[in-house]
Amino acid sequence: MNGRGKSDSRVVPAKLPNKPVPTGAEAVEERRLAEGNTGNPTRPELSVGAGVTQGLDRVRQAARRDKGARFTALLHHVTPERLWDAYGALRPQAAPGVDGVTWTAYGENLEANLRDLHGRLNRGAYRATPTKRVVIPKADGRERPLGIATVENKILQRAVAEVLNAIYEEDFLGFSYGFRPRRSPHDALDALTTGILRKKVSWILDADVADFFGSLDRDHLEKFLEHRIGDKRVLRLIQKWLNAGVIEQGEWTDSARGTVQGAAISPLLANIYLHYVLDLWVQQWRNRHARGDVIVVRFADDFVLGFERREEAEQFQADLQERLAKFGLELQAEKTRLIEFGRFAAPNRQQRGLGRPETFDYLGFTHICGETRGGKFRVKRLTIAKRMRAKLQALNRRLKRMRHRPIREQGRWLGSVVRGHFAYYAVPGNRPALWTFLSQATKIWYKWLRRRSQRSRITWSRMRRIAARSLPMPKITHPFPEVRFDVRTRGRSPVR
């Protein structure tokens, strides 16, 4: 029954059974789990319209109150004001899409452009434009396809994502961190490290879904969306974006699968897909099958699980492969590993005559079984070596092109790069890697300054003075992960 007293005769796809207790990361991150059995008949639908609320707070409250509610009136929340805010949130320097319109050009007549966009949206006259595809190199030597949407598509996608987040932020589980409001990679890293420190974790499953954005099944995605969204206008709008195709080297192509990586709406769609395919299932598996401790941290399609028992880790990995296969996904073999890791790993391996525990990479850091000065176990995190090499190589190419620019201009640019690197990687225990990055960046800058002229007067003594004026010194700016995690979660355990 919708807000106008009319019933919806559509058959709503059955949802996953989900009747867990509020434990684990969900309790920590203050995210309530779905209540009851979601396979039950759909509850009365909600029409969150203009007569009910002027903002999204009522949507959040309704989504929190009724986990089975479907929202039949959402598009009116995409207001001109919300479009205006979405435009302001875009990066002005971003490359233009297929229409060649830049952020600055669109903003020259912003009010009229947004009024026209809003009008076309409400009339159903809006047409999604294709995405321009570019390929960027990855640190491991492979290439990543990215989509560059038009400014208008970006604005509308950001505005729609904000509206949908009011619903799905009440549904997503606590161990999901990627591309969510008020959550960062460091929140995921803190939860992972704290779980390893405080729980009986002896085995780590480092998993990665192969070509997730390109393999996502749109039919399943549509069914997942219909669990919560009853507004057909919003569903059609998402279908327009998915079906708009991509333009690569001047040619248009279409695909029946996947979503464009880089589009503003794609991270939310990916989280919705993995919420139903992975998160609810993982939570259910943990509650039903695990006898030992199990921790879970997911950032987009990259996730890590910690297990107390090896046999449970192996069983989970086998079950996970079967689960993903049902939805057209598979684990990336070369990036998925089960390794012995944790505070019991080193002594256990020593008793068996084995070497030091293996390491694993996650969110830019290599995680190592280490010790404090007092001999206590700690998770040591260092910048991934290949990530640092790739960053320095890119820096070298840019400084080569900039070598004839004024030194002050070069210094401002390089200083911003180094500060950005430190802002992410300045975690406790990673100071040597910060010094290495600064030292190598200075050497590269020195090399290209020397090559500006055959009679260069740049000496190392002068170079050190130049670098001291422009480049920051390494300084640990992040607190210990368990300290920040306790502040964020009010001291509650990351897992049961």
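A: Phenylalanine 299 is buried, at a relative accessible area of 12%. Here buried means under 20% relative accessible area, exposed means over 50%, and partly exposed lies in between (1.4 Å probe, protein chains only). The model is predicted: local features need pLDDT of at least 70, side-chain atom pairs count only at pLDDT 80 or more, and totals for chains, interfaces and linings use all residues. Residues are numbered from 1 along each chain as its sequence is written, and side-chain values use heavy atoms, leaving out hydrogens and water.

Now the rings. Rings of Phe, Tyr and Trp (its six-membered ring) pair if their centres lie within 6.5 Å; planes under 30 degrees apart are stacked, over 60 edge-to-face, the rest tilted. That rule gives 18 aromatic pairs. One of them joins phenylalanine 179 to phenylalanine 299: it is tilted, with 5.6 Å between centres and 50° between planes. The pair links distant parts of the chain, 120 residues apart. Phenylalanine 179 is in the loop between α6 and α7, and phenylalanine 299 is in strand β6 (residues 294–299). Elsewhere, Phe212, Phe213, Phe224, Tyr273, Tyr276 and Phe327 make up one aromatic cluster.

Helices (H or I, at least four residues) and strands (E, at least two) are DSSP runs numbered from the N terminus. The protein chain has 18 helices and 11 strands. Buried residues are 50% of its 496 residues. Contact means heavy atoms within 4.5 Å. Of the contacts with a separation of 6 or more, 74% join residues 24 or more positions apart.

Serine 202 sits in the loop between α7 (185–198) and β3 (203–208). Serine 202 is buried, at 9% relative accessible area. Leaving out residues up to four places away in sequence, it touches Phe307, Glu308, Ile339, Glu340, Phe341 and Phe344.

Next, two helices. The expected span of a helix is 1.5 Å times one less than its number of residues. Helix α5 (residues 110–123) has 14 residues and reaches 20 Å between its end C-alpha atoms, close to the 20 Å expected. Its buried residues include Leu110, Leu114, Leu117 and Leu121. Their cover includes α3 (80–89), α4 (103–107), α6 (151–168) and α10 (232–243). Glycine 124 follows α5, with a positive phi near 80°.

Helix α15 (residues 407–425) has 19 residues and should span 27 Å; its end C-alpha atoms are 26 Å apart, which agrees. Among its buried residues are Trp413, His421, Phe422 and Tyr425. The buried residues of α15 pack against β10 (365–371), β11 (377–383), α14 (385–402), α16 (431–450) and α17 (460–470).

Isoleucine 458 lies in the loop between α16 and α17. Isoleucine 458 is buried, at 7% relative accessible area. Beyond its neighbours within four places, it contacts Tyr446, Leu449, Arg450, Met463 and Ile466. Lysine 447 is 11 residues away in sequence and 9.6 Å away, C-alpha to C-alpha.

Last, valine 483, in helix α18 (residues 481–489). Valine 483 is partly exposed, at 45% relative accessible area.
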